[in-house]
Amino acid sequence: MSQVIQDKIIDEKLEWSRINSDVIASMQAPRKAYWITFAVCVSMLACAIAAEMYQYKMGLGAAALNNPHMWDMYIATFVFWIGMSHAGTLLSAILHIIHAQWRKPIYRFAEAMTTFSLMTAGFFPMIHLGRVWNLYWVLPYVSDRGIWPNFRSPLVWDAFAISTYLSASALFLFIGLIPDMAILRDHTTGWRKKLYGILCLGWRGDDRQWRNFRRTYMLMACFLIPLAISVHSIVSSDFAMSIMPGWHITTFPPYFVAGALYSGCAAIMTLFVCLRYFFRMEAYMTTNIMEKTCKLTFAIAMVWSYLNLVEFAATWYGHNLYDKELLLQKAYGPYAPIFWAMLFCGSVVPFALCFQKLRRHMPSVFVLSIVLQLGMYLERWMIVAPTLSLAHQPHQWDILWGSVIQWAIVFGSFGWFGILFLIFVKVFPCVSMYEVKELCFHLKHEIEEEELEKKHAQQKAGVRQQSGGTVPSGSAGLEGA
Amino acid sequence: MSLKNVLENFSYFRQDAESGGTHKYEHRFGMAIDLDICTGCNSCSTACYAENNLPVVGKERFEKGQAMHWMRIERYWDEQEFEGDFAEQGAKFMPMLCQQCGAATCEPVCPVAATYHTPDGLNAQVYNRCIGSRFCSNNCPFRVRYFNFWSYYEDSWPEPLNMQLNPDLSVRDKGVMEKCTFCIQRIRVAKDTTQREERPLKDGEFLTACAQACPTNAIVFGDTMDPDSNVSKLWMKHQVQRGPFTHKKEKANEELRGYRVFEELNVDPSIMYLERVRDTEV
């Protein structure tokens, strides 16, 4: 019990009205830094739009793709963004059903990140298509010619999985927002009041509504978890279902899910530090929560490293000529710097999270999280590119390092994500007010209980001293507790 | 394919692609390419360009790896030769084209089923259906699928040259995957003729452009289901069989030079290559 006071994740004496006012203040009157960041994001997106327009007109040759490299950075970035989307579900759904209290102040922005990174990821399979305008052929719409998509193709599964996950996670984000919308409706004026009035769906906060709300939220959480796992497993089958060396690997689904959670947690750390600093959320996004996030990230990093080793060992002892040669080429060939950088960023750097001083030092956490994300981006690149470069047919071996158009679109995707996120934090609360209140309430009770118990124990000890040390065995057990 | 059909004929639909799958073949066109006779003259490739409206992409795009040679001559050198002076012994040539695999890896991965198996044993590519996801090319071990990265037609056939285009097949625009079809337009003509004259297809009645153009007859084309065709005789002579890869062949016999590329991947290629006989020990 004393653990509660020691690692207090938030100050339980936070006034409820202060929570309201702090969060509402974070949503109002953007400062200069906000507009500068916004402008940067818009210009990044503009680069991508220009590049995409050129590519749309000229064909994919503009992206310098070539025969062995039919896929390249677009698919690597697609996997990266899909991966990013998993941390929101981890925080809001998985940690919700296992009652991890510390997720409460930070899950909202993580969930927003989930939705927005999915919205970013969804663009990449479209951008990389040769004939974007026929995109809808992937969907099983009813055609009078009786033509269906090929249900055996992992790309069709992708289309289903991503659209399901996107709609489910957006719905989950919205459901979680309802009580907060009601708070905002009561505290704002003008267009905001109108907007929140519609979005809170007539929330009054009576018992029946809370009961239904809890039930719905739990249901969505339970629905979202298998969905999140399956989405990245299906993305991994884009590779694992092929016969290419380095892609046709049994451990790919768990490997992808671990990598997804990993990069997602790293992204949460980055956004955590940014929000804490820019919105002055020190009271909510405390160092103790950061510590817990860091520990979680470290654990996932170790899972990811382990699955990496499994993959290498399976390849090495499998004695498949193509697979083994590709692994050697990754380690010693032209991709070696990227391969070792990936392993360093992904498996060695997280050990820095073992030090408490670093975990509690926000600037170093920020730098670490960026390095981890870089490592994870390189991982995706290392999955896509080397297999295409050095596959079965030696005549078609070739190395490709992206191109200006590809870089512009990848770069712009970060701008697009940034725009969505920046709009979100000003229109919707990035900290869940009602859950923080709940957290404070529970914490207060836990501390009170603990104090009561202490008092009780002291009284017992006093009784024991008076009665000359003869205590019934029942109360001895109580003391021990 | 209704659900009832699937349930009633479940074991039929469960047949794996490696052992023939559910296809009912009328023909299974195949080739035998003798690497010993091949001189690497590139006439097959040239004929293919002329027959199939392949765009000439130019030096710059060729170097980028965006060429459209459905039939390409691959050159290989032995490693020790590569180090030293390989000009003396020269390169080894390998004409590489779509292997029209019986269990093609390109087929199941296409999201819109633009590539499928025909009753002639070919992997057909439906240009109009292709949306250009390029998974088929990524999953092809031979890397013989070519993507229209640009609108090549815009500059490949300047004014009078467009008159040389083959009217029997289309010119492809950007964003579409294409590959060797075993000159499907010739297959169509031949099949139509035989249907009209009510007789079976004769061996050698038509040839693919590459087989027709080969000056040394290194490429033999025909129906591997017809036991009397030249290609079947060659396959039998070298004890190469359709279906999954087996190690039944007696390796000691030097007369048996036949093999199929990446046979061990069980993709069941339709093209048998005959090994080159070397003058010197390697």
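## Surface and charge of chain A

Chain A exposes about 21,000 Å², of which carbon and sulfur atoms supply 69%; accessible areas come from the Shrake-Rupley method with a 1.4 Å probe, and for residues only the protein chains shown count as cover. The model is predicted: local features need pLDDT of at least 70 and side-chain atom pairs count only at pLDDT 80 or more, while totals for chains, interfaces and linings use all residues. Side-chain values use heavy atoms, with hydrogens and water left out, and residues are numbered from 1 along each chain as its sequence is written.

Chain A carries 38 positive and 31 negative side chains, and the centres of the two sets are 5 Å apart. Lys and Arg count as positive and Asp and Glu as negative, without His and the chain ends; each charge is placed at NZ of Lys, CZ of Arg, CG of Asp or CD of Glu.

## Fold and dimensions

There are 19 helices and zero strands in chain A (DSSP runs, H or I of at least four residues for helices and E of at least two for strands, numbered from the N terminus). The C-alpha trace of chain A spans about 95 × 60 × 50 Å along its principal axes.

Of the 481 residues in chain A, 57% are buried (under 20% relative accessible area, 1.4 Å probe, protein chains only).

A:R131 lies in the loop between α7 (123–127) and α8 (154–187) of chain A. A:R131 is buried yet has no salt bridge (a side-chain nitrogen of Lys or Arg within 4 Å of a carboxyl oxygen of Asp or Glu); B:D173, the nearest side chain of opposite charge, is 7.1 Å away.

Leaving aside residues up to four places away in sequence, A:R131 touches A:W137 as well as residues of chain B, including B:Y127, B:R129 and B:K174 (contact means heavy atoms within 4.5 Å).

Terms used: Chains are lettered from A and ligands numbered from 1 in the order in which they are written. Buried means under 20% relative accessible area, exposed over 50%, partly exposed in between (1.4 Å probe, protein chains only).
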